[in-house]
Amino acid sequence: MNQSNKPALDSNQFLNPLYNFYIPPQIHDISPHSSCISSNSTSDEADEQQLSLIIERKQRRMISNRESARRSRMRKQRHLDELWAQVVWLRNENHHLIDKLNHVSESHDRVLQENTQLKEEASELRQMLFGMRPGHPNSTSVNVDDVALEHGLS
């Protein structure tokens, strides 16, 4: 301090940010020949051991995370393969059903044509029968066997 009981200002106090950094006396005052070195070396070994354990845990966690990610990728790939197999099966099933629908549709068309043809034949036969009634003005002598042969009913 100076003579007026005011603390002296040191220019290093403003220029160096670590100037006012507090260093505990036990670390600051260690001399090379001090007995504290043996306890510090034990402390250093403990710190190194703790750091080694931390590093080992990090490595184990990293390996575990990599294995977990690998399993996750495998599950995802297996799921994707299953979905593709399902797509292929569904496409085949779809083609099969379309073929079946086309076949049924063709059969339906044939049955409709046959049904129309049979209705026309039935109508013609009714008209012929109606014309064969005795006492009917348009009655003609028609041989039933000729009508049957004409329509393929023999």
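Glu-48 counts as exposed, because its relative accessibility of 56% lies above the cut-off of 50%. In this predicted model, Glu-48 is found in helix 3, which spans residues 36-132. Glu-48 also belongs to a surface patch of negative charge, where it gathers with Asp-44, Glu-45 and Asp-47.

The chain as a whole contains four helices and zero strands. Along the sequence, the pattern is accordingly written α-α-α-α. Of the 154 residues in the chain, 3% count as buried. The accessible surface amounts to about 14,400 Å², and carbon and sulfur atoms account for 56% of that area.

One stretch of the chain carries an annotation. The unreviewed UniProt entry assigns a "coiled-coil region" to residues 101-128. In the model, residues 101-128 are 100% helix and 0% strand.

Three salt bridges are present in the structure. One of them joins the side chains of Arg-60 and Glu-56, with an N to O distance of 2.9 Å. Arg-60 and Glu-56 are separated by about one helical turn, because they lie four residues apart in helix 3. Both partners can be described by their accessibility. Arg-60 has a relative accessible area of 47% and is therefore partly exposed. Glu-56 also counts as partly exposed, at 36% relative accessibility.

Glu-67 takes part in a salt bridge with Arg-70, in which the side chains meet at 2.3 Å, N to O. The spacing of Glu-67 and Arg-70 is three residues within helix 3, so about one helical turn separates them. The side chain of Glu-67 also meets that of Arg-71 in a salt bridge, at 3.8 Å, N to O. Here the spacing is four residues in helix 3, which means that Arg-71 and Glu-67 are likewise about one helical turn apart. Through salt bridges with shared partners, Glu-67, Arg-70 and Arg-71 form one network.

Glu-67 counts as partly exposed because its relative accessibility is 31%, a value between the cut-offs of 20% and 50%. Arg-70, at 35% relative accessibility, counts as partly exposed. For Arg-71 the relative accessibility is 40%, and this residue too counts as partly exposed.

Conventions:
Residues numbered from 1 in each chain as written. Predicted model: local features only at pLDDT ≥ 70, side-chain atom pairs only at ≥ 80, totals over all residues. Heavy atoms only, no water. UniProt positions renumbered as here; feature names shortened; annotations may be inferred. Helix = DSSP H or I, 4+ residues; strand = E, 2+ residues; numbered from the N terminus. Buried < 20%, exposed > 50% of the residue type's maximum accessible area, 1.4 Å probe, protein only. Areas by Shrake-Rupley, 256 points an atom, 1.4 Å probe, with all protein chains shown as cover. Patch = residues over 30% accessible without salt bridge, like charges linked within 9 Å, V, L, I, M, F, W, Y side chains within 5 Å. Salt bridge = Lys/Arg side-chain N within 4 Å of Asp/Glu carboxyl O. Lys, Arg positive; Asp, Glu negative; His and termini not counted. Charge placed at Lys NZ, Arg CZ, Asp CG, Glu CD.
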